[in-house]
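Work through the exercises below with the sequence and the structure at hand. Try each task before reading its solution.

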Amino acid sequence: MKLKFLSLFTFTLFLLQHTLARQLTAPPLAGLPQYITTVAAKKSFKIAANKVTARIYVDPQDWEGVIRGANDLSADIDRVTGLKAAVYSQVNPVIKSILIGTIGKSRIIDKLIAQKKLNVSAVKGKWESFVIQTIGGDLVIAGSDKRGTLYGIYDISEKIGVSPWYWWADVPVKKSSALFLKAGRYVQQSPKVKYRGIFINDEWPSMGGWTSTKFGGFNSKMYENMFELLLRLKANYLWPAMWSAAFHSDDPDNFILADKMGIVIGTSHHEPMARPHQEWVKNKSKYGNGEWNFETNKAGIEQFFEEGIERIKTKEEIITIGMRGDGDVAMGSGDDQANIKTLRHVVSAQRNIIGQVYGKNPAEVPQLWAVFTEVQRYYDAGLNVPEDVILLLCDNNWGYIRRTGPEQEKKRSGGLGLYYHIDMNGGPWNDRWVNTTTIPKLREQFNLAYQTGIDKLWVVNVGDLKPKELPIDFIMRYAWNPEALPADKVMDYTTSWAAQNFGPSYATEIGGIVSDYSKYNLYRKPEVQSTKIFSVVNYHEADLEVKKWRALTRKAEELALKISPQYQDAYDQLVRYPTKASAGVAEIYLAAAKNNLYAKQGRVTANDYALRVRELFALDSLLSENYNKRISKGKWDKMMSDKHIGYSMWSMPKENKYPELVMVKPLSKASMGIAIEGCENAWPGNERAVLPVFDRLLKQSYYIDIFNKGTGVFSFTATPDMDWIKLSETKGSVATERRIQVELDWDSMSIGTAKGKITIKSGQDSVTVGVEAINARLPVITEPYFGNFSGSEFSIPAPLFNRNVPGSKARWVLLPDLGRAEGNMGIYPVTAPSVKASEAPYLEYKVFINNTGKVRICLGILPTQDINPARGLRIAAGLNDQQAIVLDARKGFADTFSEYTPENLSRSKTLKAIQPANPGIKLISNGPRRNEIFDNLRWLDFELNVERAGLQNLRIYMVDPEIVLEQIVVNPDNRFPSYFGAPVMQHIPKKKK
């Protein structure tokens, strides 16, 4: 369904996207405008033209990484033009050269400053900023520090046509015989988030297998490519791979190279004091009694810590402090207070070691402490993190932050950071294989973090790095300046990303495909798929899912035939593989669901769906093999090795395994069976068949399936007993199955409730299907509205409001493409104060309710976590001018993270226990893994009193600003359970001529 009132907005976005694509800029958020042209202009600087390139000069006394970066720029010019610019490590450049250097470190740059030719007041002394300026025939790149200079270099590289993903996704360089830089001065201010980086984790079997094959392990040859990617994305921070690797000791050049190139190294949330956990695993007998227990092996562990700090004291590193149990589990006893006491001793000892090794106050040495898993409980219980330490807050492992910046922590000198997952191995469930994170979701969550003061460090768990290229790209760019991308410009970013990596011709189409495949994956991530998720019999839900995935796959395949051959390898990695493979896994479960139901009904077509499952399963294997062996001539061999079909608990299965299938043995002769919409039973053999109620306002069409349970062909007749019952066909023959559509001629019916029946016969077999209809006069109204006469379930998308009434300090705003449909409604600003419902901004929806008394309503909201436990997470609702009911989205809920452990996730009763007390329409009895985290939606259900039947004003009020509203369901009906709820039908009155 398309939201009609969004048509102007969509058209405006379309124009913006095409404008961006034509400009061939980097995705927005990079900061600087496009200053590179391929045509000379007045006073422009010639980088390359007429088979001649400008020389590059860099002071030999500048940072080693800067000298390396200058050579990268030379290589990039060569990649674009076929002409390599000569690099000179000299301080006496000739005219018309590119001059690169760091303020205070480069004699070339400092001389220009002294001569007052270069004004660096806007960047000098700043963090990671730079100025690019044409001066007297030269092009100058001057950085405020090492990374500032490097970012200036790579900014030019990106703008001449070298994507940051040229190596990691084989994105072709945009060729040009001439490159010019427009005359002028271009200043890049410091990033809004100081440290921005990734965590390589869950790296076996895919990345581990790949780098072992290609580079011989997690060594400096591999990491050099990763460091360069980070710099090209203007990132600066890395937690290295750690499952089987020890970054500092596996290859001593790892750490040397990182420092040289300007990448700040850290260790993960459970690897304190710059010591990879594998260093303990492989050498624990060297330290005391070898127990990873501070209470019983204090001296040994302190020795281990001290060696780690000695090793890194001359390098740039953020030291992780704190301690977890051996193997990333909770430490110590089950008693929180005892563990808090132990942690205080641990941190005190760690801080003493840091002070002694560095020879200064430990507050002067960068440190972080991750408030992760059980440490969140300790923090909430009063465990204090030293003022100068970065307090690293976390998400729930599935992309929803657990705390916004606490008021009492916003002024801490160490600042606030965020550890966030776009990949997860562990509780609540694995999410590893392909990208399942949408850009609108990332923007909503990281905006919430940034606006509440979480801006010192962002580190993102990216698993194997591939195939998470798109969300990595977005987060690293967004971190530079979150305020540059409001919610209504998110698609601008995606389209520009596509234009940068594939050219402008199909940027809109590619942007749409990558947005949609991640959105569909977010409905239900591949690892938590099941045959019980989407309904086969209600609202055509399963069929519509297959249709959507097939249409998207077709788009991806058709576009592959149109794009230039040079883009095929990149297109396969970034677009076609994740789309086609995701679609295949989704359809495996949908086809298996039909197989299971049809086998229960006795349909011979159950076997066709079993065959389809096996075909898709084989295709999945072929797609993985193609990724590993053929894309880019086998460059990514083993990178696509994760098992991703057949999860039965949180951890990766030993092998891909499709769902259980049931084969039907056909009867020896043709035999009629009947199945109807809205029911899983089949006839003959069950109680009377009755179609769901027909409603004049909804004007439904319901189906009756006539199917064969045996071999051969049978004939049938279908006869209605009322003239107003219209059938798509009344007779025919069936070899496998046929579908009859049932509609009503409303104009020939009387006002009121009507009943009829359809008799279906084949030989001696006869089945009667009941028909019930409610006809009434249409409401008199000039506005669009929702509702029906029958009191059945109906859905309202949050953006389809009739009125949006702002409050004095906040308002509801559209968050396009967020969630399952066209968009969600959120609050601007997210830092607005909480208010009473009577003073709050509200959304008003016109709804028709045909009965008085209690009406049940469910609000579908994003599963925002308990970000402010002392306050709650509240929203309010009311009818007309009645006093609103305030709902607390977290009250009575178990903590949606701390209750998840690898052990209890294998027990479905644990998952059922964390449902809300009144789970609304989304809980199917004994359904597998049905909860707000896996559904990416939380349901709040309540009742309102309808005093007078007819049209009502349903109002949804903001109370706390972080709630995001996606959907409203009125009269939820568990007789017809579905994942998405009843299809949206907004009634739009016809205008009088």
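**Exercise 1.** Are phenylalanine 474 and tyrosine 478 buried or exposed?

*Solution.* Keep in mind that the model is a predicted one. Buried means under 20% relative accessible area. Phenylalanine 474 is buried, and tyrosine 478 is buried as well.

**Exercise 2.** Describe how tyrosine 223 and phenylalanine 227 are arranged as an aromatic pair.

*Solution.* Step 1: searching the whole structure gives 51 aromatic pairs. Tyrosine 223 and phenylalanine 227 form one of them, with 5.7 Å centre to centre and 15 degrees between the planes. Step 2: planes under 30 degrees apart count as stacked, and the pair of tyrosine 223 and phenylalanine 227 is stacked. Step 3: tyrosine 223 and phenylalanine 227 are about one helical turn apart because they are 4 residues apart in helix H6 (residues 220-232). Step 4: both tyrosine 223 and phenylalanine 227 are buried.

**Exercise 3.** Classify the pair of phenylalanine 474 and tyrosine 478, and place it in its helix and its ring cluster.

*Solution.* Step 1: the ring centres of phenylalanine 474 and tyrosine 478 are 5.2 Å apart, with 20 degrees between the planes, and the pair is stacked. Step 2: both residues lie in helix H14 (residues 469-480), 4 residues apart, which is about one turn of the helix. Step 3: ring pairs link Phe474 and Tyr478 into a cluster with Tyr420, Phe446, Trp458 and Tyr493.

**Exercise 4.** Which residues in S26 are the bridge partners of aspartate 705 and leucine 727?

*Solution.* Step 1: strand S22 (residues 702-708) runs antiparallel to strand S26 (residues 737-744), with 6 bridges between them. The partner of aspartate 705 in S26 is arginine 739. Step 2: strand S24 (residues 725-727) is also antiparallel to S26, joined by 3 bridges. The partner of leucine 727 in S26 is valine 742.

**Exercise 5.** Which lysine lies over the face of tryptophan 63?

*Solution.* Lysine 105 lies over that face, at 4.5 Å from the ring centre.

Technical notes: Residues are numbered from 1 along each chain as its sequence is written. This is a predicted model: local features need pLDDT of at least 70, side-chain atom pairs count only at pLDDT 80 or more; totals for chains, interfaces and linings use all residues. Side-chain values use heavy atoms; hydrogens and water are left out. Rings of Phe, Tyr and Trp (its six-membered ring) pair if their centres lie within 6.5 Å; planes under 30 degrees apart count as stacked, over 60 as edge-to-face and the rest as tilted. Helices (H or I, at least four residues) and strands (E, at least two) are DSSP runs, numbered from the N terminus. Buried means under 20% relative accessible area, exposed over 50%, partly exposed in between (1.4 Å probe, protein chains only). A charge sits over a ring if NZ of Lys or CZ of Arg is within 6 Å of the ring centre and within 35 degrees of the ring normal. Two strands pair if DSSP finds at least two bridges between them.
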